[in-house]
Amino acid sequence: MHLKRFKGRQMADVMRQVREELGPEAVILHSKPSRPWGPLRFVRGGGVEILAAVDRVEEPVRAAALAARAPAATSDALREDIAELRRLLIRRAGGRLVPAELAPLWERLVAAGVEESLVLRLVSGLPAASETGPPPTPEGLCAALVERLGRIVGFADPAPVPRTGLVAFVGPAGAGKTTSLAKLAAQSQLAGGRTEILDLDDTALSGCGPLQALAAMLGIRYSMTLTVEDVRAEAHRAPAPGLRLADTAGISRRDAGGLARLADLLRAAQPSEVHLVLPATSKITDALAALRAFTRAGATHLAITRLDESVSPGSILSLAAEGGLPLSYLGTGREVPGDLIAASAEEIGRRVFGGSRS
């Protein structure tokens with residue numbers, strides 16, 4: 001981590017220095033008023049001093065060698081410790097780290113469940129009042145916040161329903177994988193697409209599962225394929241042009257054997273997209289741990305469910321920003337085929353901090 005102190009007359013000017021030198025990923029660790037020493041203290045007014053930090057590798061070759069020798073679990077634990085330390089430092093400083101006119105927005109975002117470290121990244125890039133110009137309007141701040149959000153959090157293709165390819169859903173038990181897949185299958189059929197369902201969940205062996213019943217109701221092909229060999233054969237089968245949706249068994253992030261088997265199945269299936277499904281009601285630490293585990297197993301996208309049940313939907317922003325997977329879908333209820341929409345900065349902004357949809 002690279003640390004540096006910045007000084008200036010106005011908070012906005014110092015924050016601009018921080019962004020220009022350390023970039024948008026910089027985190028403010030401490031701020032305090034500053035006054036010049038000696039005779040200058042009678043001439044100049046007060047100022048502000050900021051201690052900022054940014055994750056920066058000073059010795060790339062040595063760092064790469066150390067990372068290659070360190071176990072993944074150790075790296076994850078170190079990353080979590082550093083992130084928690086950053087959160088604690090920022091939490092102590094609170095809204096004092098931003099210009100006074102942006103402090104109410106800080107409080108609003110924190111109340112919505114957005115972690116302080118991410119709030120700082122979002123708010124520090126917003127336009128503040130200047131001595132010569134008028135203060136930004138609430139509408140202008142919301143628009144700038146949505147734009148800033150789109151730069152920090154990755155979003156997938158805005159098309160709500162893919163037209164072709166094999167799309168898999170993975171995640172813990174009860175996260176909403178099967179329901180999300182059912183919604184997407186029904187939406188695809190209503191849009192006039194050709195759809196198939198591939199069931200890789202061996203827990204459905206006891207009888208007719210919900211996806212088999214759904215496929216019969218929609219009049220689409222359903223197949224259960226459980227072994228790596230059968231999945232590989234199914235993947236190489238010349239399918240009818242259209243969308244194939246694959247469901248998988250719910251797996252705990254601590255189930256190393258289950259995750260390894262899932263990785264084998266995904267390699268055999270060769271899906272174009274693998275959506276990790278996590279509920280918005282999850283604790284951020286648990287969700288981040290699950291995201292890292294399923295990313296190693298092959299997840300490429302992040303879908304959030306139960307957004308309607310969460311009292312602090314802003315936590316999903318920290319999950320998306322820290323996890324690194326692009327947000328793809330938002331589950332907003334239980335209705336099929338509705339209540340599954342494409343994720344976007346505008347939609348997240350509307351639900352988290354009241355931004356208007358474009």
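Pro-337 sits in the loop that runs between β10 (327–331) and β11 (340–342), and in this predicted model the peptide bond leading from Val-336 into Pro-337 is cis, with omega near 10°. The loop between β10 and β11 also holds Asp-339, a residue other than glycine whose phi is positive, near 60°. Most peptide bonds are trans, and most residues other than glycine have a negative phi.

A positive phi in a residue other than glycine is also found at Gln-270, which belongs to the loop between α10 (256–269) and β8 (273–279). The two residues with positive phi are set out below.

| Residue | Phi | Relative accessible area |
|---|---|---|
| Gln-270 | near 55° | 57% |
| Asp-339 | near 60° | 24% |

Turning to helix packing, two packed helices are described by the angle between their axes and the distance between the axes. Helix α11 (residues 284–297) packs with helix α12 (residues 315–323) at an angle of about 30°, and their axes are 10 Å apart; the crossing of α11 past α12 is right-handed. On the α11 side the contact is made by Ile-284, Ala-287, Leu-288 and Leu-291, which meet Ser-315, Ser-318, Leu-319, Glu-322 and Gly-323 of α12. Sorted by class, this contact between α11 and α12 comprises 5 nonpolar, 3 polar and 1 charged residues.

Terms used:
Residues numbered from 1 in each chain as written. Predicted model: local features only at pLDDT ≥ 70, side-chain atom pairs only at ≥ 80, totals over all residues. Heavy atoms only, no water. Axes fitted to C-alpha atoms, helices over the stretch in contact; angles between N-to-C directions. Helix = DSSP H or I, 4+ residues; strand = E, 2+ residues; numbered from the N terminus. Left-handed = near helix turned anticlockwise from the far one by under 90°. Contact = heavy atoms within 4.5 Å. Nonpolar A, V, L, I, M, F, W, Y, C, P; charged D, E, K, R; others polar. Buried < 20%, exposed > 50% of the residue type's maximum accessible area, 1.4 Å probe, protein only.
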